[in-house]
Amino acid sequence: MKKVIIDDTMQQGTYYLNEAMGANFDPDFKPELSPKELLALGLFRGKYMTDCRSEFPEDWFDHAKLSPARKDISLNYYQGDASQPLKVWQANGWINPIDPRGWFQWYCRYYYGRRVPDEDRRQIKRWKAMVRYIGAIKKNCDKMDQSCRQKQRQALLHWAYDSRKL
């Protein structure tokens, strides 16, 4: 098991990788995009993960659209805001202290190889609930019309669904 050191503005500590990167996912969890692909497409207004690069493989950030100084909506793939402030996530109980940045941080760590069974089940259940946006896009948009429901499409990207295929 590889030990990973966390040292960023929101968290310090360690965890261990129990699985090979990108492998042995829960059978109910089928993300369509890797963290590296998501970072290159553009999400969270470029601000997410700008201070925790050392935790993850360097190549994840080769083409990442990041903005360390400030949030930049133009860096989002659909150039719209599909995020809520972290304090909203905290108030709703969606944040577990082991992943203080939320679902995407959990996904990055899961993809990297960390497993925390109870938290994994909780986050996979939340991921599966995002399918409602897929239904809305299919119902209301012409196939492959990327201009339709861009906020929902961006939200799906945040959750590793490839909305470009809808």
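This is a predicted model: local features need pLDDT of at least 70, side-chain atom pairs count only at pLDDT 80 or more; totals for chains, interfaces and linings use all residues.
**Cysteines**

The structure holds one disulfide. Its partners are C141 and C148, with sulfur atoms 2.0 Å apart. A disulfide is a covalent bond between the sulfur atoms of two cysteines. The torsion about the S-S bond is -75 degrees, and the link of C141 and C148 is left-handed.

C52 and C108 are another matter. The sulfur of C52 has its closest cysteine sulfur in C108, at 7.7 Å. A disulfide needs sulfur atoms within 2.5 Å, so the distance from C52 to C108 is too far for a bond. C108 is in no disulfide, and its nearest cysteine sulfur is that of C52.

How accessible are these residues? Relative accessible area under 20% counts as buried. C141 is buried, and C148 is buried. C52 counts as buried, and C108 is buried too. The values are listed here.

| Residue | Relative accessible area | Class |
|---|---|---|
| C52 | 2% | buried |
| C108 | 0% | buried |
| C141 | 10% | buried |
| C148 | 14% | buried |

**Strands β1 and β2**

Strand β1 spans residues 2-7, and strand β2 spans residues 12-17. In which sense do β1 and β2 pair? The pairing is antiparallel, over six bridges. A hairpin of four residues joins β1 to β2. One of the bridges links K2 to L17 in β2. In a regular strand the side chains alternate between the two faces of the sheet.

Note on methods. Residues are numbered from 1 along each chain as its sequence is written. Side-chain values use heavy atoms; hydrogens and water are left out. Buried means under 20% relative accessible area, exposed over 50%, partly exposed in between (1.4 Å probe, protein chains only). Two strands pair if DSSP finds at least two bridges between them. Helices (H or I, at least four residues) and strands (E, at least two) are DSSP runs, numbered from the N terminus.
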